[in-house]
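Good morning, everyone, and thank you for coming. Please have a look at the model on the screen, and then I will go through it part by part.

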Amino acid sequence: MNDHTSAATDLSAKTGKDYWKSLEEYSGTERFKDWLKREYPQQADLLAIAPDRRIVLQLMGASLALAGFNACTKQPEERIYAYAKNPEAMVPGTPLYFATAMPWASGAIGVLVENHMGRPTKIEGNEAHPSSLGATDSFAQASVLDMYDPDRATAVKRRGRVSTWDEFWGELRTAVTIASSKQGEGVRVLTRAVTSPTLGAQLEAVRAAHPNLQVHVWEPMHRDHQRAGSMLAFGRDLNAYAHYGQAKVLVSLDSEFLTLGPDSVRAAREFTANRKVRATETTMNRLYAVESGSTATGAMADHRLAMRSCDIERFVRYLANRLNVAVAVPQEKLTDQEQRFLEALAKDLEANKGAALLVAGAWQTPVVQALVHAIHDKLGCIGKTVELLPPVETFGADVENLASIKALSDDMRAGKVSMLVMLGGNPVYDAPADCDFASAMDKVATKAHLTSHENETSRICDWLLPESHFLEAWSDAKAADGTVTIIQPLIAPLYSSKTAHDVLALMLDKAGTPAYDLVRAHWSAIKKDGFELAWRRWLHDGVVEDTRAASVQVSAKAITAAPSAVAGGFDVALRPDPTIYDGRYSNNGWMQELPKPVSKITWDNTVQMAPADAKKLGVNTGDMVEVAVGGRTVVGPVWVAPGHAIGALTIHLGFGRVHGGKVGTGVGFNSYALRSTTQQWGAAGATVKAVGGSMKIASTQEHDDYETTATEADKRKIVRVRSIDRFKADPHSLEKEDRHASHGETDIYAKPREAEIDALRDKAYVKEAAARKNEQGFNNRVSDDYQWGMVIDLNACTACGACVTACVAENNIAVVGKEQILRGREMHWLRIDRYYKGDENNPEVHHQIIPCMQCENAPCETVCPVGATSHGPEGLNEMTYNRCVGTRYCSNNCPYKVRRFNFLLYSDWATESLKLQRNPDVSVRSRGVMEKCTYCVQRINHARQTAKREGITPKRPDGKIREGEVVTACQQVCPTDAIAFGNLLDTTSEVYLLKQEPHNYGLLEELNTKPRTTFLAKTTNKNPELA
Amino acid sequence: MSDHMHDQRDQKQQDAIIAPGHTLATITDKISEIVLTPPLKTPLGWHAMMGIGSIGMLLLGATVTKLVFTGIGIWGNNVPVGWAFDIINFVWWIGIGHAGTLISAILMLLRQTWRTSINRAAEAMTIFAVSCAGMYPLLHTGRPWLAYWLLPYPNTMGMWPQFRSPLVWDVFAVSTYATVSLLFWYTGLIPDLATLRDRAKHKAVKLFYGMLAMGWRNAASHWDRYETASLILAGISTPLVLSVHSVVSFDFAAGILPGWHTTVFPPYFVAGAIFAGFAMVLTLMLPLRAAYGLHDFITEKHLDVMAKVLLATGLIVTYGYALEVFMAWYSGSPYEEYMLINRLTGPYAWTYWALILTNCTIPQLFWYGPARRNIWALFFVSMSVNIGMWLERFVIIVTSLHRDFLPASWGHYAPTVWDWSMYAGTIGFFLFSFFLFVRVLPMIAMFEMRMLVPASGVTGKDSDHKHGGSHH
């Protein structure tokens, strides 16, 4: 190398003129000969024999040419070996499923993870787990992408330079040893909420070993108010565990119990179980919502009252008072509308003693939390609709998070902390703004951060310690009801990551003990008899039996807290984001691109406000405003949210990351800047002013024409809604009314079409199949065995979006980014449409899941010039990617607009880690091809293979696929079981039976598309007093 | 463009389709001179137009390269607006082509002798417009390198095109149209190519035209075959005038989208195509007539007749628009009704009203006789129709697509810089080709013009043309 350089230097030193002339001369130098001899020994001999100009030039030319061949590196030889000893149960091409759990602050959710040849690819719910019941939320679905995130922390880093765990162990050991002499003085541990029994025990042990060591807890979405409320009501910290299914009347007080957090899966399941209206089942619960923002839970309500978040305590005080719970009421009276709502609600609650349930958002004041307990007690609901359980946390349940993080930052600033070990979290980003955690950290000599991603906190730490994903490591976790699941890894850690267990083990002088042993040791101490057998059972089932918490019997005390004065100005509500949560999913493309349940916004957070307020401020969606409250300000774009409480703002947290990875950095604005210790969930008295400028917000539905969209949707009877009373009175006539309404008086085809639709419903597919057989060109192309179909119960859909995320995970759907969404190019095969109805200030909100309708007369099929989309023998509208040339005619002609086109190369074909995540049964699409929902044809084929392989068995007398063997990804994940899928030729199948329901209808069926996906009309249960 | 109108001119002169005083020789001299002028003496205006055309060609090359390497995502198309500038411009170009075929085929069969002087240029326009049109359906596909799958050819995949798709019909319609137009045009050129061969001085030029003339010797047997071929090709072309745009309209009419699913489309598209085509002929001929002093051959009579055709087809198109409005109401379908409301008042309403102005209102100027003979009025109206017919396709395609059945899937469309550059590029391609044609081929059919001269002895409309032919 040096010779090259010096030769080049020599040459460059020469002038251009003698460069060419002196080449011969130059080549004759000793150094050159020497160099040549070393580089090319054989040729050096030649040179020695004939130092001829021509030969030298020839050789040089040849060597230059040959140098080019360096690029043609021989590919390393790779051999494929068969397993000498096959891992148990592994069959290439057949996925395995393992039970584990996704930990979450408010309780873990049990999951089954699909594993393809050692790669976890897809997460499903675990039926045996109390928080899952077989379904999951979007967060669990997207967590698999987090594991394969190319931005993960991959190596131990010491002040930005790659280091090793051993080096860290060394430093930590020294620090702990020194500190041991002072009983841990100066050493602090900061953790998020701990729900792992093993980790909890370890933390207790660490604290016991080092009495002066302090452990702080900071969970940004903490439950301080719930804890305080419980203390007020019961004098002890109890977790209100609701039995939503037992309740006939439910009240959501500024809560998002149907969609936010893992236990929402159970909540949604139990809640909607009583809303599934059938011809033979016409009882329905009733949901009231009092809320500030426009949430998915509020959208499900039969009656919704929009109120500023800060006024809800006033409402609850009046409500409690009305229900004879002794509590002081404020001087300010409720408005007439609020009073009317309250009166009707109170009557309803009184009429349903023991079957009422109130749910308050974790951000509502301790008094509201306490009053909810008191009202439950008064109405005799405790032990019926609500059960009191000890808190979920296995460590620091009694720690008030806010005080804890404040104490830590104060101590750091006071120089009392010499070493800080952070187990997960991102306090620099999400700690209260006035703690100024970053500057406080400057005073700490050694800071170590165990984290899955390099983030705002780890960048100013001395040690970055990569943390294993829950799919990579052993642990355990408690669900909301206390049930424990052993978390088992699905794959060896992708990088040199470790868990909190390992770090704490070191502090307990047990360095090197694997987490597996720690967890086993913890549980073998509890389960002494037959541990091995039990352990295997726990791993298999995904639950540890007999760990559910016992309920506590206690009565509520009187609430004596005095009411506070009504605050003026705007009331800002700071809330976890419906998809990004507290920011932990901000680098997750699936979650960024998942439209928020009501607003349909992707890739941004906004300042949401009522249309009336926007008008008053003279701003519109996208205009930048400055929100100032409590001396803190943020600037963000306005979102005009129909139904939002007037005088209030909702701002979601979790955005505006500075070091959030390739996906999350710079998306949205950081609203944690408003979140000080005194205004954790927002505060009243805010001022809003337009600061000029505007930005585009990528919403997947048009937002600028409320009136037109609402009236057109209503006129077209897209979401058909009727009251339960009308349904009871005559389910059939109403449906016909709806159908006629869409064509008005001029429906000249009314008679024949009706007959046709009735025929369709009456074993239509059998007839259809027979008719098709006789048609030319369709001979033998119609299956007598299976005709697939789907029914979606609009009454059950909460718009949580789990189905969309599941579809993305199952079908390798690409993330396209904000710019492409703005252009209208989202790739989701399945979307949830949202329709408003009525007054913009408090509209009804209706959701409609739209997958491909798999039309019998598919308009897309006839227009494809190359036959890339065609009708399968089992009724599927099939898409052949390899045949598609991309004319997009099919999409233009699709009345449901469910087809998605790869306008650019959207799929990431380059990133190695993402390749591992893909479902091997589904093609990754390239640019220029159309794609769409296939009813998860890979799952149908998987079931078909199983059926064929097993043949005729006692369980399968006809050798065919049985009901329930094909479950689509959206159906499987749905927390509310809103989606039914199956064989329409099987007259006992759920989907067939649902299609016989009187309120089953096909969307746009007047176009004669004969959709195979149909809907069960929505039913509301209005209180006659509020009608 | 200086105004050569003479105030005192008798009616007979005004109605002449060739100025008096021309002999067989002067016609040939005048027209062949344009082609045989030495390169250095080419008019400056020609260089200017060719320069613009060349820049456009470069732009087209750059856009197509970017498009093929990146994907059609560089355009503004989306879901629901799957087609936008690509198909708007396709239909616009193919519509423009129609005037050429109409003039050369239908008017020939109808013995409309006034067509003679504009026939050749209009046919050339057809061919170049169809070439521009043809680029779009090919390049607008997601994977243009596989677009040949639309052709029925035996292959190892065992796949045929899907014959129910109007896009397949399009492939046949457009390729047939392009082939027949090219043949017809070339056949018509042969006697004139022989004239050029005979008049050329430079050997290379002689060779060039000699090759192209394919051995034409002005023999009676040549004329006999020529006449037969012309008539056959005219006979084949005539239904094509009607069928091509009908088939193009099926792209929309066969869809179920409100605003597309309309039975009036085939006749209304054909009328629109002729409307657009005549407008483009006027747009091109007016400057050429001025630049090359062709007032003797393209007389006011021609302008008057073309203006009348514009007026008539414009009224048919207006009737089509009126019928769409009526049917939307009469159907009683909420989708159709809303489609109409959205056209009239939606986010793209301005395109609809601009369309009514440019296509329906402004051409009414031609009810006034002098306007039909005023080149400024003619140029203004023809440009207005060029724009109007483009807007018509925008209204049909984008306005219908962006708000269809489900309000939740409604969207917006905005063209990107690449949409515009592709459009400008095809215009560049068109100008480049057209001016190349003007320079190297006779833009007016010399032998046919000669027949119009009284000295030719051709008297009756149905007489043969044997008296024409090349002369020295």
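Let me start with chain B, which has 472 residues and a radius of gyration of 23 Å, taken over C-alpha atoms; this agrees with a compact globule of that length, because such a globule would have a value near 23 Å by the rule of 2.2 Å times the number of residues to the power 0.38. This is a predicted model, in which local features need pLDDT of at least 70 and side-chain atom pairs count only at pLDDT 80 or more, while totals for chains, interfaces and linings use all residues. Residues are numbered from 1 along each chain as its sequence is written, and chains are lettered from A and ligands numbered from 1 in the order in which they are written.

Along the principal axes, the C-alpha atoms of chain B fill a box of roughly 75 × 60 × 40 Å. Chain B has 16 helices and zero strands, where helices (H or I, at least four residues) and strands (E, at least two) are DSSP runs, numbered from the N terminus.

How many residues does each chain bring to the contact between A and B? Chain B brings 44 residues and chain A brings 48, with two residues counted as in contact if their C-beta atoms, placed from the backbone, lie within 7 Å. On the chain B side, α6 (166–199) and α11 (334–345) each supply at least two residues, and α6(B) gives the most, with three.

Finally, in chain A, α13(A) passes α14(A) in a right-handed crossing, meaning that the near helix is turned clockwise from the far one by less than a right angle.
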